[in-house]
Amino acid sequence: MLTVFGLFFITAPSQAEEIKVVTEYLAPYQMNNADNSLGGFSTEIVQAIFKQADKTPNFSAIPWARAYETASTEKNVMIYSIAQTKERKDLFHWIGSLINEKLFFWGLKSQFPEPIDDLEQLKKYIVASARNSNVAHFLKINNFKHNYKLVKEDQNIQMLFKGRAELIIATELTLKHNTKKLNLDFDKLIKIKEFTDINNDLNLAMNLQSDPELVAEFQRAYAEIKSQGVIDAIYKKWGIPLH
């Protein structure tokens, strides 16, 4: 807006451009703060990127299946923390890596006294996973027949402890946070098998039809905060080992 005072033109400061950002609650990546604001270490990285790009994030924490559908179909929408799988490579613009996660099959020690190395043996068990997740996709293409597809990630843990599922797939970091939140005993769990096939970077991504200039702005902002050590500082704050 231009305001005229005599012969002088004063430009009123404009508000930073607002961008829709979708995610799910998945501690410690994205979590609900005591004041109901969105927190978590991935969220802090995303906020730093937006600050660097001089943009404003309009966060929406919703079930993952809905977040994925929104980011797949709506222009200029961002999504995080999304696994960058080979199947998804050409479905989004990728802004930058947030963390590399190691996924494991987990079960109760009472049911699995020893780890199992053979993937085929695991197919006889009931596995709980979130709909539209990379885990659910992995189970489908590898012919796991006994699956529960759930809306929220922490429902998987509840299914396991209630005996309605026999296996879940998660990172150790997420399980420790979620079992604590749900007042469940993490020490009752055992890692059954790591499956390196879907150990991928969790990323920040944008809808494929997004404006190329906007995508490039965010990619530059990511590279800048990474080179400045901002991402490493957030990792240290959250007690997460550096790459």
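Good morning. Helices (H or I, at least four residues) and strands (E, at least two) are DSSP runs, numbered from the N terminus.

The model before you is predicted: local features need pLDDT of at least 70, side-chain atom pairs count only at pLDDT 80 or more, and totals for chains, interfaces and linings use all residues. Residues are numbered from 1 along each chain as its sequence is written, and side-chain values use heavy atoms, with hydrogens and water left out.

Let us begin with helix α2. Which of its residues are buried, that is, under 20% relative accessible area, where exposed is over 50% and partly exposed lies in between (1.4 Å probe, protein chains only)? In α2, residues 64-73, they are W64, A65, A67, Y68, T70 and A71. Their cover includes the strands β3 (17-23), β7 (78-83), β8 (92-100) and β14 (201-207).

I turn now to the nonpolar cores. Such a core is a set of buried Ala, Val, Leu, Ile, Met, Phe, Trp, Tyr and Cys residues joined through side-chain atoms within 4.5 Å. The largest has 31 residues, and F41, I45, I49, M78, I95 and F218 have the most contacts inside it. Among the elements that each supply at least two residues of this core are α1 (41-53) and α7 (212-227). The largest share, seven residues, comes from α1. Beyond its neighbours within four places in sequence, I49 touches L204, F218, A221, Y222 and I225 by contact. A second, separate core of 18 residues includes I116, Y125, F144 and I190.

Finally, T56 lies in strand β6, residues 55-61. T56 counts as partly exposed because its relative accessibility is 30%.

Note on methods
Contact = heavy atoms within 4.5 Å.
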